[in-house]
Amino acid sequence: MSRVTSENTTRTDRQLLLLVGLVVVLAIGPTLIAVADVLAHPPDSVGDGATFVALTFMTALGTIVKVPIRIRSTTHAITWIETAIVIGLAVAPPAWVVLATGTGVGIASAVMKLAVIKTAFGVSKNILVAGGASAIALAVHWQWPPVGLAELVTLLGAIYLVAALLDDLLAIPVIALATGTRISRQFLNNLDLRLAGFGVRFVVALCTLLILRADPRLLLAVPPLMLSLHLAYSARIRGRTEQQAWQRLARTTDALNVVDLDNVLTTAVTQAAELFSADEVEIELRNGRTVRGGTGGITFDGPTGAPTDIDGTVVPAPLEGHDRSVDVGVLRLRFRGPVQLSEREQYTLRTFASALCTAVRNAQAYAELARAADEHAYAAAHDALTGLANRRHLLDKGTEQLSGRHADGVTALVLIDLNHFKEVNDTLGHAAGDQVLVQVAERLRGAAQGGDLVARLGGDEFAVLLRGLPAPAVAGHRAETLLAALHEPFELDGMRISVEASGGISVAPASGGMAELLRRADVAMYQAKRAGQRISTYAPARDTADLGRLTLGGDLPRAVADHEFVVNFQPIVDLGTGEVTSAEALARWHHPHHGMIDPLRFLEAVERSGLLPAFAEAILDQALIAAAGWRDAGFDVPVAVNVSPRSLLDARFPGSVLARLRAHDLPPDRLVLELTETLTLSQLDVVDRVLSRLRDEGVRLALDDFGTGYSSLSLLSRIPVHELKIDRSFVTTMESSAEAAAVIRSTLDLGRSLDLDVVAEGVESEPQRRALWELGCTAGQGHLFARPMPSGTLLAALQRGSGGRPGTLAPPLHDAGAVIRLTQTRRQSGRSRPDRLPHLPA
């Protein structure tokens, strides 16, 4: 880019030299004509010689006494030469005026030590101006003194107009080419001031000639008058220049208020080049980046240290704040020739540098925020261990795909679960297990096609969303390819490990969306596991969740009467000691034809059937009978029962619960009613009355699946619960999801603040148990300790214990007698809880 800039500069210099040369060549003609005329009619007296000397001196003085205007490294000036030329035409022949003008300008240029090219241009331009004015004077038969004032003004005006126009026509193209601006723009710059200057100088010339006509002795008053006018005009020029400079500075600092660093640097370079009339502007940042350019834009953007082709004056300005505590780099103005900035320009430079420093810092801060936001967005949508999409990202992209699937082929989902992966963790450790998961992710990513989305759902479960399939049958072939990629053994620290996997395939359903697609793939995968197959495709005929959906309602009366609803119990364990602290009752429908049916499939039918009170009483009875049996066997284990939201709308529900407790001779605090987050709970006053009565009687209340609904905190401020249960989805992903870990941590903090017990659901591994314990969670339930089982089986497990310790289902995390410092929370026990907590303000 710098080479291009050098070529452009060379071309501009060549064009400028050609233009100056043309002016010099054109000036040769008037000079030769003037010399020939002087030789033909030489001065014949001392007075004539004195007149020529006076004209030469007046021209030189008009050249030296000027209003300077710096453009880049070149200082241009507004002079009084045309005034001297017009006055000279009144007192001397035109040829004398032409020669005196060239001589005077040459002498003045030598005194000011101007460069040769500037001297040549100045002498030639003013000879052409004098020649043009002389030609007009001869054309209009200019004679001195004129007959009347009107004739003087008319003739003088014509001569002066030609001189002024020639001066602009010859000077403006050269200035425009030297500064890189358009000729039209250069002509319009300060046009009003130039016109005013022409008018002032015309008046001075007119007054001078009137004085000469009246009495030559009055010429003594002309120099003070000209000096006064010159000073006033110079002040006007400086004021206008400073006003324009401040306006440009204000516009420039406003233009820097953007958040993109590239835009900030581009704006700063181009605007500073114009603001300070610099040949090149350079911004060097502390991070090693350098940007250079001019009014035409950026010419270099690269590492610091690259040379520039601009030799001359360099004016640096540090990019620091007003307090000078922050330094982001340096700004440099480069000029091809010697330049001395005025005091106003130096202050402007410091102000501009401070504004640029602020703009660069803001842009860098915004870029860092944008980068952090991108990282957080990526982390929220991807698995931290494998880099694959996570469950949330899969659901989002799947939902987006299903919304337009009719125009994009068939959508299918392959769910893949590693068989016996727990053995890898238990045998080789979790670090080795993580390496296997990473390699599995790499192989699945490599086997997938460009349009597929590979995700890790958690643990050893993966999913691949197949998009744009030409036919449903293709999904089976693609799934075979995916699982075949896992067939070869994995290399792990010099060992070869074989990992088997099972897969379930589901094709996008007509309704139900991504959640139903995922559920069907899960059903198919477990069908493959049970059948000992590697892959299974979802078949509605084998989905017990959909079997007999329409006939379940008709079977409910018989199911209640024949006690087909059974209850299994999943223990809740002290995470530190492994001791069972309570058990959750889980209802199942033992259907004579369809086998065990999950409550998610029949509970809605129960609620619609009007049999909910009888169903709830049957489940509660079984749960309380089990608790009483455990107590009689020496294990005082409370029992937790899920409550349907519809039961809370029944004012008779508290009386029924208390009656069952009395019938089984159990204290109310041995029963925990688990409530789910529903909109009903937070809106209806009857629910408040039902729960308040149960709470007053000593029944304990728990808020189940806490954090998954939209009304968690609203419910907690309204319902006087004793316990919070963290949903299993957060526990499952806590090791790979920062969001899940944050939800768990905040729930534990909330529990401590409100003196509530907190139970973690879905604990399936020792690392999860230990991580929860270290966060301050003291209770948990999940497959790590026990799957749901009949009450008798649980009693036998309690009696057998873990490691010969009755009442426990897991070894303790720490040896007996060890001193453990819990920094997160104090251990809590259900028996030491206060009898009642006040309602929190809604």
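This note covers salt bridges and strand pairing in a predicted model.

1. Ground rules. Residues are numbered from 1 along each chain as its sequence is written. Because the model is predicted, local features need pLDDT of at least 70, side-chain atom pairs count only at pLDDT 80 or more, and totals for chains, interfaces and linings use all residues, while side-chain values use heavy atoms, with hydrogens and water left out.

2. Salt-bridge count. A salt bridge here is a side-chain nitrogen of Lys or Arg within 4 Å of a carboxyl oxygen of Asp or Glu. The count by this rule is 29 salt bridges.

3. Glu-280 and Arg-334. Their side chains form a salt bridge at 3.3 Å, N to O. Glu-280 sits in strand β3 (residues 280-285) and Arg-334 in strand β7 (residues 327-335), so the pair ties together parts 54 residues apart in sequence. Helices (H or I, at least four residues) and strands (E, at least two) are DSSP runs, numbered from the N terminus. Both Glu-280 and Arg-334 are buried. Buried means under 20% relative accessible area, exposed over 50%, and partly exposed in between (1.4 Å probe, protein chains only).

4. Glu-282 and Arg-292. This salt bridge spans 2.4 Å, N to O. Glu-282 lies in strand β3 and Arg-292 in strand β4 (residues 289-294), so the link joins parts 10 residues apart in sequence. Glu-282 is buried, at 3% relative accessible area. Arg-292 is buried too, at 4%.

5. Glu-400 and Lys-397. The closest N and O atoms of this salt bridge are 3.9 Å apart. The two residues are three apart in helix α12 (residues 391-403), about one helical turn. Glu-400 is exposed at 51% relative accessibility. Lys-397 is partly exposed at 31%.

6. Strand β16 and β15. Strand β16 (residues 580-591) is mostly covered, with 10 of its 12 residues buried. Two strands pair if DSSP finds at least two bridges between them. Strand β15 (residues 565-574) pairs with β16 in the antiparallel sense, over nine bridges. Ile-572 stands opposite Ser-582 in β16. The two strands form a hairpin with five residues between them, and Gly-578 in the turn has a positive phi of about 80 degrees.

7. Other partners of β16. Strand β18 (residues 639-642) pairs with β16 in the parallel sense over three bridges. There, Ala-583 stands opposite Val-639 in β18. Strand β17 (residues 595-597) pairs with β16 in the antiparallel sense, over three bridges. Trp-589 has Ile-597 in β17 as its bridge partner.
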